[in-house]
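User: I would like to learn how to read a few features of a protein model, one at a time. Please give the general idea before each case.

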Amino acid sequence: MAVPTTTLKLDEAPHARVRRLAAARRRSAHGLMKEAITVYLDLEEAREAENQAAVAALARYQETGLHATADEVRAWVGSWFTANDLPMPELHK
């Protein structure tokens with residue numbers, strides 16, 4: 001299977017940093033950049049999914065008015081990993 005090729009032009013400073021790090025890790029600059037791009041994409045896709053979930057949650061709140069107060073959420077989260085693990089607060093108007 002043919003793998004598509006992408007060309008990336010870097011300024012000298014980041015290019016030198018990639019070469020130094022690749023040498024220190026005894027890896028190719030190519031492999032290091034591939035990994036860096038994959039890690040970046042994973043993080044940004046996760047961030048975008050969180051953003052979309054927040055937009056959807058806001059839309060649900062605007063439609064229904066259901067919510068939990070900050071104090072209720074704080075108490076719930078504060079109970080995590082304790083002997084008194086509280087259930088998620090009930091949503092109310």
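User: How many salt bridges does a search of the whole structure find?

Analyst: A salt bridge here is a side-chain nitrogen of Lys or Arg within 4 Å of a carboxyl oxygen of Asp or Glu. Searching the whole structure by that rule gives 4 salt bridges. This is a predicted model, in which local features need pLDDT of at least 70 and side-chain atom pairs count only at pLDDT 80 or more, while totals for chains, interfaces and linings use all residues. Residues are numbered from 1 along each chain as its sequence is written, and side-chain values use heavy atoms, with hydrogens and water left out.

User: Which residue forms a salt bridge with Arg74, and how far apart are the closest N and O atoms?

Analyst: The partner is Asp71, and the closest N and O atoms are 2.8 Å apart. Helices are DSSP runs of H or I with at least four residues, strands are runs of E with at least two, and both are numbered from the N terminus. Arg74 and Asp71 are 3 residues apart in helix α3, so about one helical turn separates them.

User: Are Arg74 and Asp71 buried or exposed?

Analyst: The classes rest on relative accessible area: buried is under 20%, exposed is over 50%, and partly exposed is in between (1.4 Å probe, protein chains only). By these cut-offs both Arg74 and Asp71 are exposed.

User: Which residues do Arg19 and Glu35 pair with?

Analyst: Arg19 forms a salt bridge with Glu12, with 3.3 Å between the closest N and O atoms. Arg19 has a relative accessible area of 39% and is therefore partly exposed, whereas Glu12, at 52%, is exposed. Glu35 forms a salt bridge with Arg27, where the closest N and O atoms are 2.4 Å apart. In that pair Glu35 is partly exposed at 40%, and Arg27 is partly exposed at 33%.

User: What does Ser79 touch, apart from residues up to four places away in sequence?

Analyst: Contact means heavy atoms within 4.5 Å. With those sequence neighbours left out, Ser79 touches Asn84, Asp85 and Leu86. Ser79 belongs to helix α3, which covers residues 70–79. Its relative accessibility is 5%, so Ser79 counts as buried.

User: Which residues make the nonpolar surface patch?

Analyst: Patches are made of residues with over 30% relative accessible area and no salt bridge; like charges are joined within 9 Å, and nonpolar side chains (Val, Leu, Ile, Met, Phe, Trp, Tyr) within 5 Å. Accessible areas come from the Shrake-Rupley method with a 1.4 Å probe, and for residues only the protein chains shown count as cover. Here Val73, Val77, Trp80 and Phe81 make a nonpolar patch of about 420 Å². Trp80 is in the segment after α3 and is partly exposed at 36% relative accessibility.

User: What is the phi of Phe81?

Analyst: Most residues other than glycine have a negative phi, and most peptide bonds are trans. Phe81 has a positive phi of about 60°, although it is not a glycine. Phe81 lies in the segment after α3 and, at 83% relative accessible area, is exposed.

User: Where is Arg26 placed?

Analyst: Arg26 is in the loop between α1 (12–24) and α2 (29–64). Arg26 also has a positive phi, of about 55°, although it is not a glycine. With a relative accessibility of 79%, Arg26 counts as exposed.
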